Amino acid sequence: MLKTTPFHPRTAPLVRAQTWRRWAGHQVASAYDPHPEREYAAVRNAAALFDVSPLYKYLIRGRDAARLLDRMVTRDVTKCAVGQVLYTPWCDAHGKVIDDGTVSRLDDATYRLTSAEPNMRWLAMNAVGMDVTIEDVSARTGALALQGPLSRTILQQLTPADLGKLKYFRLVQTTMHDIPVTISRTGYTGDLGYEIWVDAERAVPLWDALMACGEGFGITPAGIWALDLARIEAGLVMLDVDYFSAHHALIEDQKSFPDEINLAWTVNLDKGPYNGRRALRKARTGKQAWAFVGIEVNWESLERLYAARGLPPHLPNVAWRASAPVYRDGEQIGYATSGCWSPLLKRSLALAHLQAPHYEPGTRVEIEVTVEHHREQADAVVRKLPFYDPERKRA
Amino acid sequence: MSSATTSKSNGRYDAIVIGGGHNGLVAAAYLARAGKKVVVLERRPLVGGAAVTEEVVPGFKFSVFSYVVSLLRPEIIRDLDLPAHGLQILPLESTVTPLDHGDYLAGWSDADETRREIARHSPRDAEAASRFGHLMHHMAMAVKPILGMVPPDPASLAPSDLRGLMKLGGHFRSLGADRFHALYKLMTMSSADYLDEWYEFDPLKATKSASGIIGTFLGPRSPGSAYVLLHHYMGEIDGAFRAWGFQKGGTGAISESISRAAQSFGAEVRTDAAVARVLVQGGRTTGVALANGDELSAPIVVSGLDPRRTFVDLVESKELPEDLVSSIANFRFRGSSGKVNLALDALPNFSFLKDNGGYRSPLMANALRGAVSISPSVQYLERAYDDAKYGEFSRNPYMDIVIPSMIDPGMAPPGKHVMSIFVQYAPYKLNGGWTDEKREAFGDAVIDTLERYAPNIRSIIRHRQVLTPADIERITGLSEGNIFQGELALHQLFFLRPAPAWAKYRTPVKGYWQCGAGTHPGGGIMGASGRLAALEILARGA
């Protein structure tokens, strides 16, 4: 049986069509309504409330906590101030990505690492000889993401902390409705948003307080379908969908350098030694073989393909997660790993791995689409990520 | 790209667009995108025409007139990149028709939930609904290409007209006999008769037929009303595009997004700039004269106003052939609807929502994020029409209600709400004429009717804005307050909109063009008239 999250008593009655899914061994809502339209709209229009408790969470404490994390991840943890959050991948010795997540510095010598997969063993292996304790707090920490343009307005009613001063990728330890919480200005939607970390035992009262306070501001519990649409618009990569962990890959081709999944900006080659640094340095000396880019499918082209079968274009209202070959002049030059119809941008989008030299923005390519049982190629163009990047995200 | 500020410095333009309604703005954007130096002249202090958002009471924003978007052409959204300029359409997912004793008929966004709901009233209708939707899909597919074409003139032998007619003929032949016959029936029958062939549950027929009477001086039993049903389905075949719903910030934000797009292409948009007349010399336009006496010159002048204003108010009749003058004189406006906008201190307690203190069903918790339709029976609607036929407003009118603040919390302060009520019928030519007293009496009739279904309504109203067709005409300039710039009746559509031989956006005055909803394909926040006019101007020159 799958585990439930600390918010389950509140989320379960809302899942009208029993559209549950599994996430890291937990059962979470794909959507509360049968369709994700309204939940997605809340992300871009008001505030969507996601239960993100299934994330793995580790507390790393001790004199060598920073040293351990710095050895493990590609970003410079020694420069992470108290109250700062770093988004970062971590690699194996060959520079291939194992997982990605956030490192939050809670106090002088306490950090929280979040990840998509279990990392206890990897942390322990890297901690050999260090003065550090590693604790898996996944089960006893509930996590909510409140994302959308009104998220700050709602949270501010419940907390004494001044959220107007909380910058992007910073956190504050405070209370909400007298419940001790950590609020970080982070998320997976590319919008203004916050994540709230709470002791599992106080999860339900926190949910209730948020829902009561958010009612006048359009707060909307939202599931993974809505989250997936938003993260594709935001061009955010997803483990096991857009890339595979070097720890699970069966062949070399299934592994990726950070540069190849659009995370070049997270790679610090100048900091002290860390897993994969040598390989990453070496890789940077040559031309990057693959890039992770945006693809925008040409609507007229799609319309023509459907019209040829006597149909109007049909697009699913959830994101797709499948491999679609991408061609240029008849040659396959890569593959898309996820995509969606963006309800906001009114464009058909995909995230794709393309080979050099075809990944430059503006390159015209073709993407495979299946129209009425027939494999066709629709015109598309390479775009720089993210597709959507509102000012309010950082403002 | 020329900037708006540099083009402001002199009074010569390539094109002047009269009226900053959404069609005028669309036309301006397409012309500017093609490199023309364009100015839009809007009489009011804000652009949008009938698609405006105004803060009538501090903190409460009303989509004063037009209140939802369904038919905005996807190609316009793409060509002008409207999402980048603020277009954001939020889902409006359900329609609930309140019935007596707290019962209701609901249509939800999920097909199974809707089927189960209809089956509660009539299992036969639940099946019919899916068959009906299937047929309407085909009918809408049949009609859709027409929306994107300049109407060919069947009386003309010009090669372009013949080509257009042949294309159209081929298109209809490709439908096959069954569907062609179905389409013919749809074009000629009344919506009530047509729906009688499909359904038995009266409130369902009434609610569906209501979409056939909106903005038109017809009742559900009037022949020709069935066709307008189809317009409702037109939005659904663009379903994948999901352009149906509620614009964030109200319909004014759609106009603003088009205006911003036009300006990004270099167009200049001037407000508080009423045009008095179009200047004509030797059968050709040379520009416009503003109400303040200023003159602007341009070889192309495009009117986004309705046909009466375009041909009667802005040019002298001596410039026009007599048959056009008489066609326009006979063009039917006959505004038939009004609008009541409410600022509310709380949500209305519709009796269908709750039972013994709790929601009647989990779905009901979301019901006020959709529409509420006051259309309990076909007879109710026909009676409402009867009042109007004899020159009175309906004592118990048809109403299409939405609560925009439930969808976009920015429309009202937290916990407060705005309610938009489209009301039919309210005849422009009211017995004795519209007065302040009559307006309030009309508002009272609306509230009295609503109170039957939402008992607390009177006590939660903080402000009430009542708009009669006379008010709509006075504020927006729409003749007789017709929301479509002229009725969407069959004799006023396609190559007859607005007049025979003048349905291709051109006018008898060289360089003077029309681009409003009074031209094909007509009303709703569709933008198609503005786009087709601009493309025609660009293709044919002045």
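Guide: Domain bounds here come from an automatic or database domain assignment, and on that basis chain A is divided into domain 1 (8–55 + 139–222), domain 2 (57–136) and domain 3 (287–383). This is a predicted model, in which local features need pLDDT of at least 70 and side-chain atom pairs count only at pLDDT 80 or more, while totals for chains, interfaces and linings use all residues. Residues are numbered from 1 along each chain as its sequence is written, and chains are lettered from A, with ligands numbered from 1, in the order in which they are written.

The C-alpha centres of domain 1 of chain A and domain 2 of chain A are 25 Å apart. Nine residues from domain 1 of chain A and eight residues from domain 2 of chain A take part in their contact, where two residues are in contact if their C-beta atoms, placed from the backbone, lie within 7 Å. On the side of domain 1 of chain A that touches domain 2 of chain A, strand β10 (residues 171–176) of chain A gives the most, with three residues; helices (H or I, at least four residues) and strands (E, at least two) are DSSP runs, numbered from the N terminus.

Turning to the neighbouring chain, 23 residues of chain A are in contact with 19 residues of chain B. Helix α2 (residues 37–45) of chain A supplies the largest share of the side of chain A that touches chain B, namely five residues. That side of chain A divides into 13 nonpolar, five polar and five charged residues, where Ala, Val, Leu, Ile, Met, Phe, Trp, Tyr, Cys and Pro count as nonpolar, Asp, Glu, Lys and Arg as charged, and the others, Gly among them, as polar.
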